[in-house]
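Subject: Handover of a structure

Dear colleague,

Please find below the structure that I am handing over to you. My findings follow directly after it.

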Amino acid sequence: MPVNVQADLSDLQPHLANPRLPRAAENVHAAFRQIAQQDPSGLITLAQSIADNPWDDSTLLMLTTSSGNPARGPYTVREGNRRLTAIRGLQSPDMFEGVLTAPEMRTLREASSQAKLPSVISSLVFGSDEEADLLDRIARRHGGESAGAGVRPWDVRMRTRALGGQDAAAVALLDHLDGDGGYGDTSGISPTTLTRILSTPEIRDALGIAINRGKLQIGTNFSDMAMHRLLGFMREDDFTVAKVMSSDQRRNLATDLYSHRTTSLVATDEEGGHDQEEAEGGSEGEDSGINAGGAVSATGGQPNNGVGQGSTTIGGATRSGPPRKKLVPADFPLGTGNARINDLLKQAKKLDIEAMPAICGISTRVLLELIVDEYRSRSTPPGNNRQKLRDKVLEVALQLEARGLLSLQERQAVEHVCNSPAYGVTNIVTLHSYVHSLAAPVNTSDVRMHWDHLDRFLRTAWSNLP
């Protein structure tokens with residue numbers, strides 16, 4: 001049986017007939033230089049890693065000795081010659097002059113100046129009668145997967161699950177789809193390309209997902225049809241990352257995904273005509289999310305993401321804690337304007353979203369128009385109330401920005417509600433549907449999210465009437 005020893009670093013010598021070399025080296029110095037010449041950049045990377053990190057004893061060196069005593073060197077390194085070569089380079093960088101380029105030599109010398117090398121290294125020493133065992137172990141280590149007997153390397157998804165990284169949310173989404181079982185094989189979907197696609201807020205909104213600090217959150221209005229459409233697009237024979245490189249390409253994709261959110265409803269515009277629109281209201285119940293590690297967690301609503309529970313971002317500030325029970329927050333100010341609107345606000349602070357989601361949706365639409373009309377009636381000159389609601393809202397938002405009462409980001413958040421595609425949940429068309437369509441699906445998270453996305457705008461307008 002091989003013996004585990006703590007071998008002195010000074011007792012380790014390279015294997016002159018190392019299989020990495022096309023021919024045996026004449027001496028120790030030549031062996032080190034030939035190994036370095038095989039893969040100079042790889043050797044520099046290895047040397048930097050050794051210099052920057054504690055020595056890794058999890059993969060033992062395999063040694064033989066001619067002394068007949070496993071506890072006494074010198075030892076020939078039969079497995080681990082690249083590591084030994086990197087260590088010798090850190091100890092004496094000049095030995096690789098003429099083998100490495102000038103930039104590589106500079107890097108090696110810099111690493112050498114900060115390296116803290118071990119004096120002894122955990123190793124396995126094989127006796128002269130254990131050569132077959134030694135070669136078998138070396139073959140398994142370097143023979144690849146060997147039908148499962150060797151080390152099976154991680155793919156991108158495995159590595160991301162273990163170590164995290166920029167693709168964590170994309171991998172979590174793919175794992176969620178695999179767990180659902182209704183989306184087919186996702187192994188051909190590139191997590192890196194999916195990360196690029198999900199970087200566009202409109203796409204996240206169309207799918208009904210959010211990404212918060214790298215973690216995936218899935219809302220109750222997650223769209224099965226939009227997700228199927230995205231996967232189908234990425235599985236097309238001629239699909240390449242070049243089709244989603246630009247922000248314009250991804251926004252066009254978002255529009256296409258919105259069109260695949262099903263559940264048709266009749267929405268009414270401000271002039272009283274009826275337009276056929278499509279939207280998806282989402283499933284009933286509490287929101288849930290899946291973080292990048294695969295654990296289920298409560299989700300938080302973020303702007304443009306269609307997720308409305310847990311924590312809600314409003315005008316740059318974040319409310320955390322359990323979902324708000326009442327439609328209008330208790331701290332919403334009562335203004336000095338129209339007394340009737342103040343009375344409606346007082347009543348809306350008592351409306352229970354869970355118990356009366358339809359009434360809350362209607363109230364949001366009514367209060368939005370009443371506050372906007374009151375603001376515009378006091379403007380100079382007064383606004384034209386025959387305009388469409390979205391145009392009136394945008395007009396007031398621009399005035400508030402001009403007065404320094406809304407930031408650019410806050411005004412753009414209002415624009416998103418006014419101008420997002422009709423298939424999105426947080427838009428003016430859906431608000432109209434609450435009032436004019438009995439077929440419109442209404443759920444608590446969507447209603448709460450509608451108010452939250454407008455909260456900063458409504459507070460500012462009502463507290464700062466001209």
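Of the 466 residues in the protein, 47% are buried, where buried means under 20% relative accessible area, exposed means over 50%, and partly exposed lies in between (1.4 Å probe, protein chains only). Please note that this is a predicted model, in which local features need pLDDT of at least 70, side-chain atom pairs count only at pLDDT 80 or more, and totals for chains, interfaces and linings use all residues. Residues are numbered from 1 along each chain as its sequence is written, and side-chain values use heavy atoms, with hydrogens and water left out.

The protein exposes about 22200 Å², of which carbon and sulfur atoms supply 50%; accessible areas come from the Shrake-Rupley method with a 1.4 Å probe, and for residues only the protein chains shown count as cover. It has 17 helices and 13 strands. Among contacts (heavy atoms within 4.5 Å) between residues at least 6 apart in sequence, 65% join residues at least 24 apart.

I turn next to one helix pair. Helix H13 (residues 357-377) packs against helix H16 (residues 428-436) at an angle of about 115°, and their axes are 8 Å apart. Axes are lines fitted to C-alpha atoms, for helices over the stretch in contact, and angles run from 0 to 180 degrees between N-to-C directions. On the H13 side, Gly361, Ile362, Thr364, Arg365 and Leu368 meet Ile428, Leu431, His432, Tyr434 and Val435 of H16. By class, this contact has six nonpolar, three polar and one charged residues, with Ala, Val, Leu, Ile, Met, Phe, Trp, Tyr, Cys and Pro counted as nonpolar, Asp, Glu, Lys and Arg as charged, and the others, Gly among them, as polar.

Two features of the backbone also deserve mention. Most residues other than glycine have a negative phi, and most peptide bonds are trans. Arginine 213, however, has a positive phi, near 55°. This residue is in the turn of a hairpin formed by E6 and E7, with two residues between the strands. E6 and E7 run antiparallel and are joined by four bridges; strands pair if DSSP finds at least two bridges between them. Arginine 213 is exposed, with a relative accessible area of 83%.

Proline 74 lies in the loop between strand E3 (61-65) and strand E4 (75-79).

Yours sincerely
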